[in-house]
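Hi there,

Here is the structure I promised to pass on.

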Amino acid sequence: MSEKDLLTISEAAEILGVSIDTLRRWDKSGKLNPAKISDSGYRLYDRIQIELFLNDLFGLAKDWVLKSIEIPATFYCSNSAEFQTRLIRMQSILEGKKELAPIFTLVVAVAGEIGNNSFDHNLGNWPDTPGIFFAYDAQKKKIILADRGLGIFTTLKRVKPGLNSDEEALKVAFTEIISGRSPENRGNGLKFVSKIAAENPIGLLFQTGNAELILAKESTALNIRPSPKPFRGCLALITF
Amino acid sequence: MRIELKKFGTTLISRQNGREAFAALQSQIAALAENENLEIEFDGVITFSPSWGDEFLSPLVKQYGSRLILIDTGNPSVKATLELLEKINQVPFTR
């Protein structure tokens, strides 16, 4: 590692979009340690280490929903207008990739439905941090969305009081078309997601509460099972 | 009367924006004659989602029935969204 690959703590904080204090905390907790300590005692970070940390998008989102860690500002959308702006930016990037021509518009629609679902169902009821985590890697063809909201079970129970578990709620959310739902005229976006995954090379891992759902690409199979680490809110990984 | 959806944006994805677009449409369709068709043109739309579509198209199909004509361009997100909205509303769109 040459000296030019080393970043000061303020440079690393700037790239990651977090505060210097956060980096100090991450060092103490072991989440992200500096590559070395300078002779004068300053933390120095390896540029590649910072880039790898940023690349672990799913890990970052998971830590956010599980432990409420501070996340880089570049991945946080505090409101739906901000999400829309960033989604359009992603759309332009995906549109530029020839191999994605037949499906990019579906990928954007799926991400849009999942992200907006978070805002629609938690508006005025966010338990702590409002907004969503939204990140993507156009090279690796994956999109990660997460929220620290109420979760599918709690929000769906308002209109389907008979629901008993996260797994049941996931099944209803992704399969049951609710027509003319009143007074809540919403909630069919996830059916759209399962339809798109069934008919296209687009896959999904969706976790909420203590359950997770896997939609394999071009398959109608709905794999719902207990998730390893329960949390409130939702976490989604879209692959294409 | 023909309405070009691209004038509301080319990425039509949230309920909130769909509702705003529907509200903005009202002043235009006030001039629609009694037996005149309302044509919705999708040309130029890049991404279309059920949330936006449900807020904009569902009330129109309820109000105008077969007088609402959708001019589809073959965009995959438009096609998939229209299919889902037909299931939700249990009414086929006229295309």
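This is a predicted model: local features need pLDDT of at least 70, side-chain atom pairs count only at pLDDT 80 or more; totals for chains, interfaces and linings use all residues.

Two strands count as paired if DSSP finds at least two bridges between them. Strand 2 (residues 36-37) and strand 3 of chain A are antiparallel partners over two bridges, with Ile37(A) opposite Arg43(A). These two strands make a hairpin with five residues between them. In the turn, Gly41(A) has a positive phi of about 95 degrees. Strand 3 (residues 43-46) of chain A is also joined to strand 1 (residues 6-8) of chain A, by three bridges and again antiparallel; here Thr8(A) faces Leu44(A).

Next, the packing. The largest nonpolar core has 68 residues, and among those touching the most other members are Val107(A), Val110(A) and Phe133(A). Helix 6 (residues 104-122) of chain A is its top contributor, giving eight residues. Beyond its neighbours within four places in sequence, Phe133(A) is in contact with residues including Trp64(A), Ile71(A), Phe75(A) and Tyr76(A). There is also a second, separate core of six residues, Leu7(A) and Leu23(A) among them.

Finally, the two chains: 24 residues of chain A are in contact with 19 residues of chain B. Helix 5 (80-95), helix 6 and helix 9 (189-199) of chain A each give two or more residues to the side that touches chain B. Helix 6 of chain A gives the most there, with eight residues. By type, that side of chain A has 10 nonpolar, nine polar and five charged residues.

Best wishes

Conventions. Residues are numbered from 1 along each chain as its sequence is written. Chains are lettered from A and ligands numbered from 1 in the order in which they are written. A nonpolar core is a set of buried Ala, Val, Leu, Ile, Met, Phe, Trp, Tyr and Cys residues joined through C-beta atoms within 7 Å. A residue is buried if 20 or more other C-beta atoms lie within 10 Å of its own, exposed if 12 or fewer, and partly exposed in between; C-beta atoms are placed from the backbone. Helices (H or I, at least four residues) and strands (E, at least two) are DSSP runs, numbered from the N terminus. Two residues are in contact if their C-beta atoms, placed from the backbone, lie within 7 Å. Ala, Val, Leu, Ile, Met, Phe, Trp, Tyr, Cys and Pro count as nonpolar, Asp, Glu, Lys and Arg as charged, and the others, Gly among them, as polar.
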